[in-house]
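Student: Let us read a fold together. Where do we start?

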Amino acid sequence: MTLTFTLNGRKMSQEISPDESLLSVLRRCGCYSVRSGCDTSNCGICTVWVDGHAILSCSYPAPRAEGRSVTTMEGVRDEAQDLMTFLAEEGADQCGFCSPGFIMSVLAMLRELKDPTVDEMEQYLSGNLCRCTGYNSQHRAIVKLLEKRRDEHHV
Amino acid sequence: MAGSLQEAYELLLKSRQSRILAGGMWLRLGSTPISHAIDLSRLGLDTIQKTEDCLEIGAMVTLRQLECDVLTREAFSGILPTSVQSIVGTQFRSTATLGGSVYARFGFSDPVCALLSLRARVVFYKAGEMDLETYLASPPVRDILTCVRIPLSSQAASYQSLRHTRTDFPVLNLSLSRDEQGLHTLSVGARPMKAMRCREAESCLDCGDTEGALQAVRQLPYGTNMRAGAEYRQEIASVLLERALEEMKA
Ligand SMILES: Cc1cc2nc3c(=O)[nH]c(=O)nc-3n(C[C@H](O)[C@H](O)[C@H](O)COP(=O)(O)OP(=O)(O)OC[C@H]3O[C@@H](n4cnc5c(N)ncnc54)[C@H](O)[C@@H]3O)c2cc1C
Ligand code: FES
Ligand code: FES
């Protein structure tokens, strides 16, 4: 079957199998930021957005993306720049395997919550597992990003 | 992608290997071959509405909608959002549905435990409306769950669960509600068997006998699995009930 959808702002048509996951289609389209970790909806590594909502692409049936807008890390590079810098500075980008999924979740959170508390942040991001950092450095990076955004807002 | 409930139902009956596809999060982990996956996502079953006497939640409402919607946040002391907020992660809850959780009636289910204490009713396309409690005890049903109806009679409620880590399956969950006449409904799930009501504890609570209720909740059948033993669950049940009562007092 043919899937017609918008990928990172560009209209696409792609031949897919009806039982394929969105993750596998996205990688075929060259979006290699989208990775498979657990493949059982547990780790958050495969996070992308469908119509602006963060979802797990390993468990999202590809045919359901028909007519929808899908965004991967490749489509939000500019928006992610500050966060990537803070993640690197805080030592929160170690093996880096979880980073694209984590970044997509953080950006989704910031679109939804604007200025989250630490509790809200931990709650929102609890579905993104990381086997290297122990999470504290990731949280420090987000706090720095929020501070920067607040400063920019006040200027 | 089904165009109507009738079409979905006909497809479901067509083959024993047809399955309704809701969020698909659980379905894809199974090993049963599926001939037709019947997608309900474009049938308008994803709304939450308040009627005169109940809150009606469509089967395709996601757990995330349940968590964020103003109606579910305001009703029943907010226990529906509380019950789902430890399930895996935000992205997961954006896709997993209430219908998938209720239809599958997993023993560990957080929302099923909460709904049972709110005396929810389930509505099937062919079989019509029935008590959630009746559905939980019934043999497998080959039908389409369209919505869940929750009477607005509960005045106060509390949902409690114990987990080894924040997003793990629950070791035990417990949900308590009190209606306008002061009558209690108590359910305990992840025992690890399906959630069930504890009528003896409910009667004790109705007469203000807290000690009796704490004893009674320990008498439910509990089992052992990789998360905890039966005796541990028995102890935890009364702890969770105490916490629920504290929260409702506050
Ligand atoms: C890794 C993982 C961890 C989880 N942890 C928890 C947890 O801690 N607590 C908890 O409560 N739950 C947990 N769950 C369960 C989860 O919340 C959902 O209940 C589950 O994914 C089913 O919802 P779904 O929308 O994905 O349904 P699907 O997987 O699409 O469907 C599940 C079953 O229900 C049938 N079905 C679905 N909708 C209907 C309908 N409307 N009518 C008739 N049949 C229908 C399907 O055919 C299928 O048999 C977990 C699931 C996973 C995969
Ligand atoms: S690969 Fe999708 S959640 Fe782990
Ligand atoms: S940095 Fe290695 S898994 Fe997160």
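Tutor: With pairing: two strands pair if DSSP finds at least two bridges between them. Strands (E, at least two residues) and helices (H or I, at least four) are DSSP runs, numbered from the N terminus. This is a predicted model, where local features need pLDDT of at least 70, side-chain atom pairs count only at pLDDT 80 or more, and totals for chains, interfaces and linings use all residues. Residues are numbered from 1 along each chain as its sequence is written, and chains are lettered from A in the order in which they are written.

Student: How many residues lie between β10(B) and β11(B) in their hairpin?

Tutor: Six, and B:A190 in that turn has a positive phi of about 55°. The two strands run antiparallel over two bridges, with β11(B) covering residues 196-197. B:V188 has B:M196 as its bridge partner.

Student: Which strand do six bridges join to β10(B)?

Tutor: β9(B), residues 170-179, also in the antiparallel sense. B:L176 is bridged to B:L186. These strands form a hairpin with four residues between them, and B:G182 in the turn has a positive phi of about 85°.

Student: Is β10(B) enclosed or open?

Tutor: Buried means under 20% relative accessible area, exposed over 50%, partly exposed in between (1.4 Å probe, protein chains only). Six of the six residues of β10(B), 184-189, are buried, so the strand is largely enclosed by the rest of the structure. One side carries B:H184, B:L186 and B:V188; the other has B:T185, B:S187 and B:G189.

Student: What percentage of chain B is buried?

Tutor: Of its 250 residues, 53%. The chain has eleven helices and eleven strands.

Definitions and conventions
Heavy atoms only, no water.
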